[in-house]
Amino acid sequence: MKYFSLLAVLLVSQQVIANRNPVPVYKNKNTPTELRVTDLLKRMTLDEKILQLNQQTVGDNNNPNNKGYKKPDFPAGIGSLIYFGSDPVFRNTVQKRAMEETRLGIPILFGYDVIHGFRTVYPISLAQGCSWNPALVAQACAVAAKEAKLSGIDWTFSPMIDVARDPRWGRVAEGYGEDPYTNAIFGVASVKGYQGSKLSDTYSIAACLKHYIGYGMSEGGRDYHYSDVSAQSLWETYMVPYEAGVKAGAATLMSGFNDISGIPASANPYTLTKILKERWGHDGFVVSDWGSVEQLIAQGVANDRKEAALKAFMAGVEMDMVDDVYTQNLKKLIAEKKVPMSRIDDAVKRILRIKFRLGLFDNPYTPIVDQRYLQPESKAIAQNLAAESMVLLKNDRHVLPLNDHIKQIALIGPLAKNQADLLGNWAAHGDAADAETILDGLTKEFGQSTQINYAKGCEIDGEDESGIDEAVAVAKKSDVIVVCLGERKNWTGENASRSTIALPAIQEKLVKELKKTGKPIVLVLTNGRPLELVRLEPLADAIVEMWQPGVEGSAALASILSGRVNPSGKLDITFPLTTGQIPIYYDMRQSARPYAGKYQDISTDPLYWFGYGLSYTNFVYSPISISAVKIHKNQKLTATIEVANNGGLKGKETVLWYISSHASSISRPVKELKYFEKEEINIGGKRVFKFELDPYRDLSFPDADGKRHLEAGDFYLLAGNQKIKFELID
Ligand code: GLC
């Protein structure tokens, strides 16, 4: 009896204590997110709310373009930090201060640029698009998310989905090329890879679509510059990947540095609120780019920081990255009734919502595990993606793959024994030592039966020709020359604009001298942008575009040169013949005089079009068959094409399905990519590829405010070398 009375006393007293100090609704993980958000918001002071709208940095900033904002410390209740470190213990210490030394215990959101890998660096995004394998890209992003999460990161500033058609612009390396649909598909794949099935999953991190919007139109390829984006091209080209990414559930977006035809991206109410929030219903938040709020002054739309804060915040930028403009000005603007509390509360709710969805209130700390990086399965994904991203651009006389008759390979060039530049820009915590050199990769692949004779030949740039003679001598005693040319990793990425996309003359000079030996030349390119190859292409018998392939790139290249892997990449960006042709891209408008308007001094065609890529085998496309020659607007059209592999190797083929349109109320590009599929086809085998065309999705076009129009008339469907006409009727 005594025991029961004791238990009863305990239970009653527990209830009394609970009633006196109830667990706040926002701390109850079984409560729906929106109730937790609302409950927490009403408990917050104005100062606490404004802190959530602010992001500072912690750790050693590894981006040389963004110095000058490092603070000695930051408030315990700050909304977010860019975490440049990778130590989960330190990160947890900082988080603990927020959880236990602030009044409400709101967790900090730790962000970082995990662009193409955290430590297991895989190919740059421009290369990934050439794989036409979004499922594999999603796997790679999931690897990056896990390595980042275990290093204290909850949020990546990725994917970058800025359609880019000016390869002088260094950031062309960070997106998925020149085509809106391609950027949409790979942007969505990246969002799914990072965010998993739900944000609160153990290894999920929040994605960030960037740089919203039109940044790729930077005038003259000069980074941070004005972008003259017409309302029509805003919708036709630049909005496409962002609409897809938002609909795929991307948690956040980042507003860009660029001025969009007079209204900067970081102060643009039309893009940031009318479209993103009101029309697309995005309920996450927008973070500014680094200092892009303060930069509104330089861009001539704000006289001072206070006006910059007003314009950015009221346009729809919720979080201010590192320049402290919001923390120093929002309170004044509220007092002056220029910023309503309703806008403050909406912005804070958006940030809290993502923190709750990530599970940060319930699991604020990073688990401490040992084996975080470079796991075998992670490296395998990186190698597969590198191999599938590489593009065979030329293969005269089947010089490739290098067969058993080859007893001596001359491996030459400034990239042949290089490690760091193979990682590319934005390589996060990638370590050059993790990247095997091409020399090591080829030695492993061929070393048993073939002698590799190495000579550097020349540096990546400069005028020193003293190494060329040795390279020529090495070439003369070998059966084939593999010459590895390319760019430094910092020649692309942020603030890396170049006036020419040609390689330095010293590299061309090396190949010219090697050509005199009469030996077959295989040119391997390591670069982050399309290159001007007009002088190099005739000198090479084979050309492999390797891009900046990451830690497993050399093994991937070696597997292609040996024929163990049949190259399957196709370009996601056009290679101009020369810099002078820029901009040139596949989905241009038709000229008024197609028969004229040519360059007087060079061809008007590029060297390689978007979608170009060779295989070691031969794929033959049958004529396209369609389910009907006439369809109504509410009727789908099924198109099929059979592809036969009549070459000597199995291989993967990507069928790119394009449409081209009749005369319309708004002129249409000469053709537009609407679907693609990649499949492996065995030797002698055939595969039927199918495209289920939906008229509203695939045949409509936007006007200058994004309204879709679908107009009856004749259309063509194109795939490979095949084309078929069908009619859309009302
Ligand atoms: C940089 C870049 C942006 C990056 C951000 C944080 O300036 O423009 O892509 O995510 O700052 O590092």
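A residue counts as buried when its relative accessible area is under 20%. The exercises below use this cut-off on a model that is predicted.

**Exercise 1.** Decide whether C484 is buried or exposed, and find out whether C484 takes part in a disulfide.

*Solution.* Begin with accessibility: C484 has a relative accessibility of 0%, and because this is under the 20% cut-off, C484 counts as buried. Then turn to the sulfur atoms, of which the nearest to that of C484 belongs to C458 and is 11 Å away. A disulfide requires two cysteine sulfur atoms within 2.5 Å, so C484 is in no disulfide.

**Exercise 2.** Describe where the ligand sits and which residues come nearest to the ligand.

*Solution.* First locate the ligand, which sits in the largest cavity. Next consider the 14 residues around the ligand, of which D113, R171, K210, H211 and D289 come nearest. By class, this shell holds six nonpolar, three polar and five charged residues. Finally, look at individual atoms: a polar side-chain atom of H211 is 2.6 Å from an oxygen atom of the ligand, and a side-chain N or O atom of K210 lies 2.8 Å from a ligand oxygen. Of the 310 Å² of accessible area that the ligand has on its own, the protein covers 99%.

Key:
Residues numbered from 1 in each chain as written. Predicted model: local features only at pLDDT ≥ 70, side-chain atom pairs only at ≥ 80, totals over all residues. Heavy atoms only, no water. Near = heavy atom within 4 Å. Polar contact = N/O pair within 3.5 Å; in protein donor to acceptor, adjacent residues only side chain to side chain. Areas by Shrake-Rupley, 256 points an atom, 1.4 Å probe, with all protein chains shown as cover. 1 Å grid on protein atoms, 1.4 Å probe; cavity = no way out; pocket = protein on both sides within 12 Å on 5 of 7 lines; lining within 4 Å. Sits in = over half its atoms within 2 Å of the grid points. Nonpolar A, V, L, I, M, F, W, Y, C, P; charged D, E, K, R; others polar. Buried < 20%, exposed > 50% of the residue type's maximum accessible area, 1.4 Å probe, protein only.
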